[in-house]
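My plan is to go through it bit by bit and jot down what I find.

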Amino acid sequence: MLKCPYCYEHLDEHTNRCHHCNQFIIDDLLDVPYPSIDKKPCIFCGEKILQEAHICKFCHKWLDELNQTINNIDWDSF
Ligand SMILES: [Zn+2]
Ligand SMILES: [Zn+2]
């Protein structure tokens, strides 16, 4: 089963643009043996997206960016 490396939605065929999240696919498609069923709410729009997703297929925001921002905070300086 081929999956988009960003939103982790299932793709039927090789494509250079994911029709779920509208991202141009630069990285390789994921080839996974089973469909993902776990979902989480998007932190931006609240829609249910796949647990592994890096991008929300509804609002197209990158969830990783927020995580990185949080991780980059130097807590020692507080
Ligand atoms: Zn996608
Ligand atoms: Zn969203």
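Below are my entries, in the order I looked things up.

**Entry 1: the overall layout**

I note before anything else that this is a predicted model. I started with the secondary structure and found one helix and five strands. Reading along the sequence, I get the pattern β-β-β-β-β-α. Next I checked burial: of the 78 residues in the chain, 27% are buried. The accessible surface comes to about 5600 Å², and carbon and sulfur atoms account for 50% of that. I also looked at contacts between residues at least 6 apart in sequence, and 32% of those join residues at least 24 apart.

**Entry 2: zinc ion, ligand 1**

Which protein atoms are the donors of the zinc ion (ligand 1)? I found the SG atoms of C4, C7, C18 and C21, lying 2.3 Å from the ion. Along the chain these donors follow the spacing C-x2-C-x10-C-x2-C.

Why is the arrangement around this ion tetrahedral? The four donor atoms subtend angles of 103 to 115°, and the tetrahedral label asks for all angles to lie between 85 and 135 degrees. For my own reference, the ideal angle for four tetrahedral donors is 109.5 degrees.

C18 has a relative accessible area of 0%, so I put it down as buried. C21 comes out at 1%, so it is buried as well.

**Entry 3: zinc ion, ligand 2**

I moved on to the zinc ion (ligand 2). Its protein donors are the SG atoms of C42, C45, C56 and C59, lying 2.2 to 2.3 Å from the ion. The spacing of these donors along the chain reads C-x2-C-x10-C-x2-C. With angles of 105 to 116° among the four donor atoms, this site is tetrahedral.

Are C56 and C59 buried or partly exposed? C56 sits at 0% relative accessibility, so it counts as buried. C59 is at 26%, so it goes down as partly exposed; the cut-off for buried is under 20%.

**Entry 4: the salt bridge**

I went looking for salt bridges, and the count comes to one. K57 forms it with E9, and the closest N and O atoms are 3.4 Å apart. The pair links distant parts of the chain, 48 residues apart: K57 is in the loop between β5 (48-50) and α1 (63-72), while E9 is in the loop between β1 (2-3) and β2 (10-11).

K57 is partly exposed, at 23% relative accessibility. E9 counts as buried, at 11%.

**Entry 5: L50 and what it touches**

I picked L50 next, which lies in strand β5. Its relative accessible area is 4%, so it is buried. Leaving out residues up to four places away in sequence, I listed what L50 touches: K3, C7, Y8, E9, S36, D38, K39 and K40.

**Entry 6: S36**

At a relative accessible area of 16%, S36 is buried. Its side chain makes a polar contact with the side chain of E52, at 2.7 Å. Not counting residues up to four places away, S36 touches K3, L50 and E52.

**Entry 7: two positive phi values**

Last, I looked at backbone angles. Y8 has a phi near 65°, a positive value in a residue other than glycine. Y8 lies in the loop between β1 and β2 and is buried, with a relative accessible area of 17%. H60 is not a glycine either, yet its phi is positive, at about 65°. I found H60 in the loop between β5 and α1, where it is partly exposed, with a relative accessible area of 32%.

Definitions and conventions. Residues are numbered from 1 along each chain as its sequence is written. Chains are lettered from A and ligands numbered from 1 in the order in which they are written. This is a predicted model: local features need pLDDT of at least 70, side-chain atom pairs count only at pLDDT 80 or more; totals for chains, interfaces and linings use all residues. Side-chain values use heavy atoms; hydrogens and water are left out. Donors are N, O and S atoms within 2.8 Å of the metal (3.2 Å for Na, K and Ca); water is not among the atoms, so sites may look incomplete. Four donors count as tetrahedral if all angles lie between 85 and 135 degrees; four count as square planar and six as octahedral if opposite donors are over 155 degrees apart and all others between 65 and 115; anything else is irregular. Buried means under 20% relative accessible area, exposed over 50%, partly exposed in between (1.4 Å probe, protein chains only). A polar contact is a pair of N or O atoms within 3.5 Å; within protein, one must be able to donate a hydrogen and the other to accept it, and residues adjacent in sequence count only if both atoms are side-chain atoms. Contact means heavy atoms within 4.5 Å. Helices (H or I, at least four residues) and strands (E, at least two) are DSSP runs, numbered from the N terminus. Accessible areas come from the Shrake-Rupley method with a 1.4 Å probe; for residues, only the protein chains shown count as cover. A salt bridge is a side-chain nitrogen of Lys or Arg within 4 Å of a carboxyl oxygen of Asp or Glu.
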